[in-house]
Amino acid sequence: MQEMNLRTIFLDLFFPRFCVECGAEGGYVCAECMLFISEAEPVCPICGWEEYAGKRHATCPSRNRPEGLVSFFDHEGPIKRMLHATREDSLIEIPEELVLRGMKFLMENPERYSEFLRFLLEERTEISYVPRYKKEVRKRGFDEARVASRALACSCKKRESTLLEREGDGFRVRGRAEQVVLLEDLWIDGERAKECVETLKRNGTRYVWVLALARAIP
Ligand SMILES: [Zn+2]
Ligand SMILES: [Zn+2]
């Protein structure tokens, strides 16, 4: 803990953080701008309609599809600018910060998110991510979905696993797991994440929940 504080003091001293929204010093989103961040309403990952806990509807197609989708925030206002700054200014701390804030929000809503949280914490559940293109990773110096998956793994004392890699415009498996929580930074229509889920399930994975830092509002 003390080490963590020293690191924070060091970082604040030499790499001060500024609010992406108003420019105030102290963090990537200041307390006032935080008020404009909205938590995402859970939806079914297949049809995009409301679902209390983000589970796939029993009536929606199930074959090689995700069991559920949890998104932390709506992709608007400060969140939109934070994800933009992550990509354009290579701010590796932003996905970490969003995971910590997002997990806090899930923990505060246990009745809604208990099924996802239980799945996440099960021993056989592995934490992985939707990989970016190699040239994007080279340009930025990191893969933001991977950074988010590491932060999540660290917060629940697990290891992050690289289960997929890019192959042309698609994906191929690099590792196997029975159950997976798959990190994605932004869910727009979910095509990229759904393709990853299909690839995993064709290769032996049984259950996958997708966790997105933000979801675009249709
Ligand atoms: Zn601000
Ligand atoms: Zn549905």
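**The open sheet and its surroundings**

Tutor: In this predicted model, four strands form an open sheet in the order 1-6-5-2, and their pairing is parallel. The edges are taken by strand 1 (68-74) and strand 2 (125-129); each has a single partner strand, so one side of each is left without a neighbour in the sheet. From one strand to the next, the twist averages 20°.

Strand 1 and strand 6 (residues 207-215) are joined in the parallel sense over six bridges. Within this pairing, Val70 stands opposite Leu211 in strand 6. In general, the strands of a sheet pair through backbone hydrogen bonds, in either the parallel or the antiparallel sense.

A helix also lies against the sheet. Helix 8 (residues 191-202) lies across strand 5 (179-187) and strand 6. The direction of helix 8 is at about 165° to that of strand 5.

The helices also pack against one another, and helix 4 takes part in two such contacts. With helix 3 (residues 77-88), helix 4 makes an angle of about 145°, and the two axes are 8 Å apart. Met82, Ala85 and Thr86 of helix 3 make this contact with Ile94, Pro95 and Leu98 of helix 4. Sorted by class, the residues are five nonpolar, one polar and no charged.

On the helix 4 side, the contact is formed by Pro95, Glu96, Val99, Leu100 and Met103. They meet Glu144, Val147, Ala148, Ala151, Leu152 and Ser155 of helix 7. By class, this contact has eight nonpolar, one polar and two charged residues.

A separate strand pairing has the antiparallel sense: strand 3 (residues 164-167) and strand 4 (residues 170-173) pair over four bridges. Arg166 has Phe171 of strand 4 as its bridge partner. Two residues lie between the strands of this hairpin, and Gly168 takes a positive phi near 60°.

The protein chain is given as domain 1 (1-34) and domain 2 (37-215). The C-alpha centres of the two domains lie 25 Å apart. Contact between them involves six residues of domain 1 and seven residues of domain 2. On the side of domain 1 that touches domain 2, five residues are nonpolar, none is polar and one is charged.

Methods:
Residues numbered from 1 in each chain as written. Chains lettered and ligands numbered in written order. Predicted model: local features only at pLDDT ≥ 70, side-chain atom pairs only at ≥ 80, totals over all residues. Contact = placed C-beta atoms within 7 Å. Nonpolar A, V, L, I, M, F, W, Y, C, P; charged D, E, K, R; others polar. Domains from an automatic or database assignment. Pairing = 2+ DSSP bridges. Axes fitted to C-alpha atoms, helices over the stretch in contact; angles between N-to-C directions.
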